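Please examine the predicted model shown below.

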Amino acid sequence: MKILPRNHSNAFRMKAWMSLCLLLNFSDGFLLSEQFRRGHLRLHTASLDEINETNPHSLEEVQEKKRLKLKRKLKNLSEQTDRGFRATLEEQNKIRKMIFQLAALNPTPAPAEAYFSANKQRMDATYTTAASARGKWTLIFTDAPDITSLKSPFNPWAELGRIGQECEPPTIANVIEWKAPNWVQQSPFVPDLWKGRSESGVPRILQKVVTDVRASPQSPSKVFLRLSGFKIEGPPVDGARDVSDLFGFISQNGVVAGGLQQFPINLQGPLSAPFGEFEILYLDEEMRITRTGQNYYAVNLRDSLYTEWF
């Protein structure tokens, strides 16, 4: 066995002792650091729990405030642009930006749930929400050209009124209100054709396009449509229809509105044809935002018992 010189032996012991000291110091420092990190994490977690319990500005409340602010801005700009009929490109882009922001805050995970097939009862409980697409809705904005083209100065016989949807599973009826133009109301000869009155005192008829609707839990925000028929109706009728009183009814309400009130045109049959699809981007108890398959948008507000018009 080789014996190291005494000076080499002392140097070796010194290096070993220093290495051991450094290792112990590092271990202590690491342990202290880890203990501090874990303690800080527990303190931070406890602080978050305490904030969620005691601070009224929780995440849900913050999101709800954002929704209310965005909806207010969206409604104001929609009114300024006449439902999108007079919107400039810049205004359209502003509205789309607000739509995207609201879509990110959508509080309803399955907005098309009302139209899930009736024979599919295996719905995930997480899909059950308070807000439903069922009901009557009035359009406040759209950029869809098939709608914005309806308001034309070249139609002298009727003036576009309100536009809405009646969502009653398993169908959706697109409703368009046509009003008598001013020249008809002021004419001493023509008004008999348009005597039917809406609640605002303006003669009107309602045009409805009826679609059958399909949706599924696999795509809980998408709705698929098939055209099933058309309807043309006069203003709502109080009481039961009496065929024997048709002449008096027309005398009171005019040929167009009176006749349609008594005998609405209903062209529905057993056959249907594809009519497109749309995705519900946002849904709560007040507002619904949809995007068509052609990437056009529509914003609707829910009608209440006091605001229903069809």
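Strand S6 gives the largest share of the lining of the largest pocket, namely four residues. In this predicted model, the largest pocket has a volume of about 660 Å³. Its lining comprises 28 residues, of which Asp-146, Ile-147, Gln-165, Asn-174 and Thr-292 are the closest to its centre. Two or more lining residues come from each of several elements: strand S1 (135-142), helix H4 (145-148), strand S2 (159-168), strand S3 (171-179), strand S4 (204-216), strand S6 (265-283), strand S7 (287-292) and strand S8 (297-302). Sorted by class, the lining of the largest pocket holds 14 nonpolar, eleven polar and three charged residues.

The peptide bond that joins Pro-169 and Pro-170 is cis, with an omega of about 10°. Most peptide bonds are trans, and this is the background against which such a bond should be read.

The helices H2 and H3 may be considered next. The axes of helix H2 (residues 59-80) and helix H3 (residues 89-104) come within 10 Å and cross at roughly 155°. Because angles over 145 degrees count as roughly antiparallel, H2 is roughly antiparallel to H3. The crossing in which H2 passes H3 is left-handed. By class, the contact of the two helices has six nonpolar, two polar and five charged residues.

What lies in the loop between H2 and H3? Arg-83 is found there, and its phi is positive, at about 65°, although Arg-83 is not a glycine. Most residues other than glycine have a negative phi.

Methods. Residues numbered from 1 in each chain as written. Predicted model: local features only at pLDDT ≥ 70, side-chain atom pairs only at ≥ 80, totals over all residues. Heavy atoms only, no water. Axes fitted to C-alpha atoms, helices over the stretch in contact; angles between N-to-C directions. Parallel < 35°, antiparallel > 145°, perpendicular 65-115°, else oblique. Left-handed = near helix turned anticlockwise from the far one by under 90°. Nonpolar A, V, L, I, M, F, W, Y, C, P; charged D, E, K, R; others polar. 1 Å grid on protein atoms, 1.4 Å probe; cavity = no way out; pocket = protein on both sides within 12 Å on 5 of 7 lines; lining within 4 Å. Points joined across faces, edges and corners; volume = space filled by probe spheres on them.
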